[in-house]
Amino acid sequence: MMKRNGPAMHFICNERRWCHSFYALETEQVWTHHPDYPGWNHLHIIALYPEAPFKYKKDFGLGLDRASGITFEENMEQLKQIRTMRYKCISSRL
């Protein structure tokens, strides 16, 4: 997070400006955990503008390349090795 995703989102927030804020949190203690899920403790809180889904992959890939020299695909493949999301919830107020 510190060397890849964080700097990539910093690039998006400050240069591309379609993301208002990005918070990546690591919990100290997990109180409840589904036994079928891998053990990971990250939570992301992201405030996006409506056009964000159309720009994410390209701009995040550019931010990753600048920060650590890897592609969007390489980063996502490595993340698959440490976490799995079975459910995702999206909510917005326009």
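Tyr-56 and Phe-60 are four residues apart in helix H2, so about one helical turn separates them. In an α-helix there are 3.6 residues a turn, so residues three or four places apart point the same way. Please note that this is a predicted model, in which local features need pLDDT of at least 70 and side-chain atom pairs count only at pLDDT 80 or more, while totals for chains, interfaces and linings use all residues. Residues are numbered from 1 along each chain as its sequence is written, and side-chain values use heavy atoms, with hydrogens and water left out. Helices (H or I, at least four residues) and strands (E, at least two) are DSSP runs, numbered from the N terminus.

Rings of Phe, Tyr and Trp (its six-membered ring) pair if their centres lie within 6.5 Å; planes under 30 degrees apart count as stacked, over 60 as edge-to-face and the rest as tilted. By this rule there are four aromatic pairs. Trp-18 and Tyr-56 form an edge-to-face pair, at 6.5 Å centre to centre with 75° between the planes. Because Trp-18 lies in the loop between H1 and S1 and Tyr-56 in helix H2, this pair ties together parts that are 38 residues apart in sequence. Tyr-56 and Phe-60 are stacked, at 5.1 Å centre to centre with 20° between the planes. Trp-18, Tyr-56, Phe-60 and Phe-72 form one aromatic cluster.

Which of these residues are buried, and which partly exposed? Buried means under 20% relative accessible area, exposed over 50%, and partly exposed in between (1.4 Å probe, protein chains only). Trp-18 is buried at 2%, and Phe-60 is buried at 3%, whereas Tyr-56 is partly exposed at 29%.

I turn now to the core. A nonpolar core is a set of buried Ala, Val, Leu, Ile, Met, Phe, Trp, Tyr and Cys residues joined through side-chain atoms within 4.5 Å. The largest one has 13 residues, and those with the most contacts inside it include Trp-18, Cys-19 and Phe-60. Helix H1 (5–16), strand S1 (19–26) and helix H2 (52–68) each supply at least two of its residues. The largest share, five residues, comes from H1. Just after H1, Arg-17 takes a positive phi of about 60°.

Finally, Leu-43 is found in strand S2, and at 46% relative accessibility Leu-43 counts as partly exposed.
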